[in-house]
Amino acid sequence: MRRAPVDLAIKRAPRQKRAVETYERILDVAARLLVDIGVERISTNLIAAEAGIKVPALYRYFPNKYAVLMALGDRLMTRQNTVIEEWLARSSGRTEPDALIEDISFLLERTVEVTRAEPAALAVTLALRAVPPLQEVRVSSHRLVSDLITDQVAPRLPGVPRTEIWPRVRLSVELSYAAIEMILEEDEVDAATVTRETAAFVRAYWRDWLSGLRQKDSHD
C-alpha cells in the first residue's frame, strides 16, 4: 500500500519582524534537535517547547515536523545556491566554456564555507537524503542547480544539444555535493585537499569531453 503524501508546504510566510524571528527560531531549534536527538524523535511539540512558543504558534507556519525539516533544507540549499550565482557571475563576460571549468575551485571552496556556517548542515543534509518525504526536495534542488549551470554552458557550446550537456552537468553537481558531504562527515580529511582534488576531477572530466568535441569539429 502506498503511503499518503506528506504535506511539506509552509502554511504562511512570516512578514513582520517578530514573526520572522519566531520562524527562524523554530528552524534553529529544529536544527539543534536534529543533531541532539535525531529526526525520529523530533516532534512539533518538542520543537515548540524548546523554542519557547505554544504549539498553535508553530502550526501557523508548519503543518508537521517534516515541513519544518524541509524548510531547514530549503534554507541551506538557498544559501548554497547563492554561491552558484556568484560563480556564474564571475565568468559572465567570457563566452568560452573553459571559463566556468577553470573557476570550479572557487565554487567548491565557497560552498563549503557557506555550508559550514549553516546550523546543523550535516544533519540537515543527511535528513534530506534519508527521510523519504524529504528526498525529492534534495533531488529537485540538485536538478535546479544543474538547470542553472546548463543555461550558462549551452550558449557557449553552439550546436551541442542540451540533452548532451545536462547529464554531464548533473554528474558534476552530484560529485561536488558528495565531496562537500564528505568534508562535513570526516574529521580526518583536509577540506582544502578534498576541494582541490574534486576540482581537478571535474576539470579533467570536462576538458576531456570538450577536447573530443573540438576534435570532432576539426574533422567535420
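A salt bridge is taken here as a side-chain nitrogen of Lys or Arg within 4 Å of a carboxyl oxygen of Asp or Glu. In this predicted model, a search of the whole structure finds 16 such salt bridges, and three of them are set out below.

| Salt bridge | Closest N and O atoms |
|---|---|
| Arg32 with Glu50 | 3.1 Å |
| Arg75 with Glu118 | 2.8 Å |
| Arg138 with Glu174 | 2.6 Å |

Arg138 is buried, with a relative accessible area of 13%, whereas Glu174 is partly exposed at 24%. Salt bridges with shared partners also join Glu24, Asp28, Arg75, Arg79 and Glu118 into one network.

The protein as a whole has 10 helices and zero strands, and its C-alpha trace spans about 70 × 45 × 35 Å along the principal axes. Of its 220 residues, 46% count as buried.

Helix H9 has 24 residues, which at 1.5 Å a residue should span 34 Å, and this agrees with the 34 Å between its end C-alpha atoms. Among the buried residues of H9 are Ile165, Val169, Val173, Ile180 and Leu184. Beyond this helix, Asp187 is found in the loop between helix H9 (162–185) and helix H10 (191–219), and counts as exposed because its relative accessibility is 75%, over the 50% cut-off. Together with Glu185, Glu186 and Glu188, Asp187 gathers in a patch of negative charge on the surface.

Definitions and conventions:
Residues numbered from 1 in each chain as written. Predicted model: local features only at pLDDT ≥ 70, side-chain atom pairs only at ≥ 80, totals over all residues. Heavy atoms only, no water. Patch = residues over 30% accessible without salt bridge, like charges linked within 9 Å, V, L, I, M, F, W, Y side chains within 5 Å. Areas by Shrake-Rupley, 256 points an atom, 1.4 Å probe, with all protein chains shown as cover. Lys, Arg positive; Asp, Glu negative; His and termini not counted. Charge placed at Lys NZ, Arg CZ, Asp CG, Glu CD. Helix = DSSP H or I, 4+ residues; strand = E, 2+ residues; numbered from the N terminus. Buried < 20%, exposed > 50% of the residue type's maximum accessible area, 1.4 Å probe, protein only. Expected span 1.5 Å × (residues − 1).
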